[in-house]
Amino acid sequence: MGKETGFLELDRQDRGYADPKERLKHYKEFVIPHPEPALKAQASRCMNCGIPYCHNGCPVNNIIPDWNHLVYEGDWQNALEVLHSTNNFPEFTGRICPAPCEASCTLNIIDQPVTIKSIECAIVDKGWENGWIHPQVPAKRTGKTVAVVGSGPAGLAAAQQLARAGHSVTVFEKNDRAGGLLRYGIPDFKMEKHLINRRLVQMEAEGVQFRTSTEVGVHVSIESLKENFDAIVLSGGAEDPRRLEIPGAELPGVRLAMEFLTQQNKRVAGDDELRAAPRGTLTATGKHVIVIGGGDTGSDCVGTSNRQGAASVTQLEIMPKPPEKEDKALTWPDWPLKLRTSSSHEEGVARDWSVLAKRVIGENDVTGLECVRVEWVDGRMQEVAGSEFVLKADLILLAMGFVGPRKQGLLDQAGVALDGRGNVAANVIDYRTSDPQIFACGDMRRGQSLVVWAIREGRQAARAVDEALMGVSELPR
């Protein structure tokens, strides 16, 4: 697999970034891809492990060593076929997945994992460039109909698999464009939206119908779907944000991260301000911005704020600062807790950990944020006496995660059982809810998670639906 001595001869060398001074001037992707010889060289480092733990780390079960070897041999077209056999949208995961496969790579024991994510992205990009990716229209139709509610990565994966199995699939999306979190939650500088658009064209050619600006539970009832479709797949994501329950949080300068990111994505898409921001313009231009939440959404707010010309950006996290380097003996091949610095962080931000927001300062609008330092003792948070401090702020963006799917409308009407965390209850064997006609997958079922997990669940749910409708399924699990 690969070159047997490749990992001994070559060090890991990943893709680079354009200079921050240049990339802050626009919202386009700024990753500098490797030339083909460098990609083949990096693929040669895949070391023919006795047990390829990268399989353990990849939620969609990508057959990573196989397509690494094919890239090493220059057989890009077969590499693409192997890649697509487990992943409907590798151009998405090749850009925004945190690459748990690389954390599980045997060479990560010495901090030299194979550049799996970069190679994956290069394979699919080359496939599009060379016209190797075509619609896969089924040879025959089953006569069965399926409604997919939500067009994020889980919904798109489920819809594409079901259409390829011969079912008539209609995707309902409440927003004006399909794509869900991929469309309106991920900034264009991480993933440009033409990547979604060309997949939608492919899916339409395969028979998928998209009904945008149509919210199930508002514009269309669940009962109507049950009457007109043989099965329903709920893939609406986990959109109920965690709120900031402190004095002053009701001030107009305290806003949700998703509102901020969605507005900018709509502007980049060409929408005028009325369409991009129907409830009023929200920008960081000239403001002192505080982002509460240390995850990827918070990082996206940092990158967007800097591109909008913020006066300063500060990101706060309630948890302690992670270690710079994980203890491999304790964590490998599992996903490690360690300090992660994104490309947005490198563009300029003040980061602080073990900080609890106590009060938003201001009368008519935000002028500051009162905070206190915390410490964790036996897993419990305690405030550090005398550690109070105030940060200047004009805009506070809440990026503290999500507590589950929204209940009003869709789920209230569906009446399906929920689990203890408020997600739609369904197992990962048949993905069926308490209503046998309704299935659930992605973040709506598992809670907020990764795009790669959503694609996995969408694919598996599609097989479960196909099997329920036809008695047997040839779709891969």
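## Overall build

Helices and strands here are DSSP runs, numbered from the N terminus; a helix has at least four residues and a strand at least two. By that count, the protein has 21 helices and 18 strands. The model is predicted.

How does the radius of gyration fit a compact globule? The protein has 477 residues, and a compact globule of that length would have a radius of gyration near 23 Å. The protein has 23 Å, so the two agree. Along its principal axes, the C-alpha trace spans about 65 × 60 × 45 Å.

Buried residues make up 52% of the 477 residues.

## One side of helix 3

Helix 3 covers residues 36–43. Which of its residues are buried? They are Leu39, Gln42 and Ala43. These residues cover an arc of only 100° around the axis, so they sit on the same side of helix 3.

What do they pack against? The buried residues of helix 3 meet helix 5 (64–72), helix 6 (76–84) and helix 9 (116–129).

## A buried lysine

Lys126 is found in helix 9. Is Lys126 buried or exposed? Its relative accessible area is 18%. Buried means under 20%, so Lys126 counts as buried.

Leave out residues up to four places away in sequence, and Lys126 touches Glu36, Trp76 and Trp132. Take Trp76 from that list. Lys126 and Trp76 are 50 residues apart in sequence. In space they are 7.8 Å apart, C-alpha to C-alpha.

## The second largest pocket

Rolling a probe the size of a water molecule over the atoms shows where empty space is left. The second largest pocket has a volume of about 660 Å³. Its lining has 30 residues. The closest to the pocket centre are Gln136, Arg164, Ala165, Glu474 and Leu475.

Which elements give two or more residues to this lining? They are helix 6, helix 10 (153–164), helix 12 (194–205) and helix 21 (451–470). Helix 6 gives the most, with four residues.

## Backbone exceptions

Most residues other than glycine have a negative phi, and most peptide bonds are trans. Some places in this model depart from that pattern.

Start with the peptide bond from Trp332 to Pro333. This bond is cis, with omega near 5°. Pro333 is found in the loop between helix 17 (328–331) and helix 18 (343–346).

Next come two residues with positive phi. Asn61 has a phi of about 60°, although it is not a glycine. Asn61 lies in the loop between helix 4 (54–57) and helix 5. Ser354 has a phi near 55°, again a positive value in a residue other than glycine. Ser354 lies in the loop between strand 11 (350–353) and strand 12 (355–361).

How exposed are these two? Asn61 has a relative accessible area of 39%, so it is partly exposed. Ser354 has a relative accessibility of 14%, so it counts as buried.

Notes. Residues are numbered from 1 along each chain as its sequence is written. This is a predicted model: local features need pLDDT of at least 70, side-chain atom pairs count only at pLDDT 80 or more; totals for chains, interfaces and linings use all residues. Side-chain values use heavy atoms; hydrogens and water are left out. Buried means under 20% relative accessible area, exposed over 50%, partly exposed in between (1.4 Å probe, protein chains only). The arc is that of the directions from the helix axis to the C-beta atoms. Contact means heavy atoms within 4.5 Å. On a 1 Å grid over the protein atoms alone, a cavity is a set of points where a 1.4 Å probe fits but cannot get out, and a pocket is an open set with protein on both sides within 12 Å along at least five of seven lines; lining residues have an atom within 4 Å of a point. Grid points are joined across faces, edges and corners, and a volume is the space filled by probe spheres set on the points. The radius of gyration is taken over C-alpha atoms; the globule rule is 2.2 Å times the number of residues to the power 0.38.
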